[in-house]
Amino acid sequence: MTIAPHLDAQPSDDSTILPAALPTDTGTLYVVGTPIGNLEDMTFRAVRTLQEVDAIAAEDTRHTARLLQHFQITTPQLSYHQHNRTKQTPRLLERLQRGQSIAIVTDAGMPGISDPGGDLVAACAAVGILVVPIPGVSASLTALSVSGLDSERFAFDGFLPTKTKDRRLALDALAGETRTTILYEAPHRISQTLQDLCQVCGEDRQIAIGRELTKRYEEIWRGSLAQAVELYATRKPQGEYTLTIAGAQPADLPILSDTDVKTELQRLMVAEGLSRSQACRQLAQQTQQSRRELYQMAIDLEA
C-alpha cells in the first residue's frame with residue numbers, strides 16, 4: 001500500500017494541492033511524530049498516515065495502542081525498540097522492499113530524536129527506500145520556544161552520559177558552549193544534574209526547566225542554576241524534564257597562561273585520553289584561546 005508522502009508546495013491554478021508521485025517498486029517508511037502529552041497535538045496528517053500504512057513499528061505497543069484507540073486507528077502494530085532493533089531492522093527492510101508501507105512511532109515526539117528510529121532510517125537510506133517525515137511535536141523545540149533564552153543558535157545534547165568519564169567530558173564541553181543548550185533528564189537524576197551544571201557553568205548561568213510539557217501539570221520554571229539547585233534540594237522531582245541552558249558569554253571565558261594551557265592539554269590528552277584534535281576543540285570552547293593556537297601548543301607538548 002502507498003500513500004501520499006507529502007504535498008506539493010505549489011498549488012495548481014484551481015488551488016488543489018496534489019500529492020507527489022511515489023515510486024512503485026518499494027514501500028515507504030514514514031517517520032511519524034506523536035504527541036508528547038496532549039493528544040490534541042496529533043496532526044491530521046499523522047492520523048491519516050497511521051490509518052493507511054500496512055503496519056506501525058512502535059517503541060511500546062501497549063503505549064501506542066492507547067493512542068491508536070483514541071483516534072480509532074486499527075492498523076496492526078509490531079515492536080521496534082532499543083533492545084530488538086538489530087533483529088527487527090532487517091525484517092522491516094524486507095517488508096518495505098516487498099512494497100509495504102510502514103510507519104515508525106515512539107512513545108512521544110519524533111522518532112530518532114533521543115528515541116529509536118535512527119538506525120532504521122539509515123538502513124532504508126542505504127538501500128534506496130523512500131523515507132518520509134510526518135512532523136510533529138518535539139519536547140526540545142517546545143521547551144526552547146518558551147525558555148526566554150536565545151533561540152537563534154542552539155544545540156541539542158539529549159541525555160547526559162551516565163558513565164563518570166563521559167559525563168565529565170560532556171559537562172566540560174557544555175561549560176564553554178556559547179549556544180543555548182537543550183538537555184533531557186529523568187526525575188531521579190534531575191537534582192544531581194542541576195548541581196553538576198551549576199558547578200561547571202557557574203551559579204549565575206540562566207536555565208529554563210520544562211516539566212511535563214503539554215500535559216495537565218505542565219510547568220516552565222526560569223532562573224539561575226544556583227536558584228534551580230536550591231529549588232530541587234527540597235522539591236520532589238516528578239515527571240520528565242527538558243532543560244534549556246543559556247550559552248556562555250565569550251567575554252566571560254578565561255584567558256589561560258601558556259603554562260596553564262599546557263597543563264590542561266596534558267590532562268585532557270593523558271588523563272582523559274582525548275586525541276590532540278579533541279583536546280584542542282574542547283579547550284577552545286572553554287577559553288578565549290584560539291583552536292589554532294592550542295593545536296600548535298599541543299604539537300610542541302608532544303615533541
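Helix α1 (residues 44–52) lies across β1 (28–32), β2, β4 and β5, and runs at about 140° to β5. Helix α3 (residues 85–97) also packs on the sheet, where it touches β1, β2, β3 and β4; the direction of α3 makes about 145° with that of β3. These arrangements, like every value reported here, are computed from a predicted model.

The sheet in question is open and consists of 5 strands in the order β3-β2-β4-β1-β5, with parallel pairing. Its edges are formed by β3 (77–79) and β5 (130–134); each has a single partner strand, so one side of each is left without a neighbour in the sheet. On average, neighbouring strands of this sheet are turned by 25° against each other, direction ignored. Within the sheet, strand β2 (residues 55–58) and strand β4 (residues 102–105) run parallel and are joined by 4 bridges. In this pairing, Ile56 stands opposite Ala103 of β4. In general, strands of a sheet pair through backbone hydrogen bonds, in either the parallel or the antiparallel sense.

For the protein as a whole, the secondary structure comes to 11 helices and 10 strands. The C-alpha trace spans about 65 × 50 × 45 Å along its principal axes. Of the 303 residues in the protein, 43% are buried. Among contacts between residues at least 6 apart in sequence, 69% join residues at least 24 apart.

Antiparallel pairing is found around strand β8 (residues 206–211), which pairs with strand β9 (residues 219–224) over 6 bridges. In this pairing, Ala208 stands opposite Arg222 in β9. Strand β8 is also joined to strand β10 (residues 241–245) by 5 bridges, and these two strands likewise run antiparallel. Here the bridge partner of Arg211 is Tyr241 in β10. Burial accompanies this pairing: 5 of the 6 residues of β8 are buried, so β8 is largely enclosed by the rest of the structure.

The C-alpha atoms of Trp221 and Ile207 are 8.3 Å apart in space, while the two residues are 14 residues apart in sequence. Ser224, also in strand β9, is buried with a relative accessible area of 10%. With residues up to four places away in sequence again left out, Ser224 touches Glu203, Asp204, Arg205, Gln206 and Ile207.

Most residues other than glycine have a negative phi. Glu212, by contrast, has a positive phi, near 55°. The place of Glu212 is in the loop between β8 and β9, and this residue is buried, with a relative accessible area of 18%. A phi near 55° is likewise found at Ser114, again a positive value in a residue other than glycine. Ser114 belongs to the loop between β4 and α4 (118–127) and counts as partly exposed, at 36% relative accessibility.

Helix α11 (residues 291–302) comprises 12 residues and reaches 16 Å from its first C-alpha to its last, close to the 16 Å expected at 1.5 Å a residue. Leu294, Met297 and Ala298 are buried in α11. These residues cover an arc of only 105° around the axis, which puts them on the same side of α11. An α-helix has 3.6 residues a turn, so residues three or four places apart point the same way. The buried residues of α11 pack against α9 (258–271) and α10 (276–286).

Technical notes
Residues numbered from 1 in each chain as written. Predicted model: local features only at pLDDT ≥ 70, side-chain atom pairs only at ≥ 80, totals over all residues. Heavy atoms only, no water. Expected span 1.5 Å × (residues − 1). Buried < 20%, exposed > 50% of the residue type's maximum accessible area, 1.4 Å probe, protein only. Arc of directions from axis to C-beta. Contact = heavy atoms within 4.5 Å. Pairing = 2+ DSSP bridges. Axes fitted to C-alpha atoms, helices over the stretch in contact; angles between N-to-C directions.
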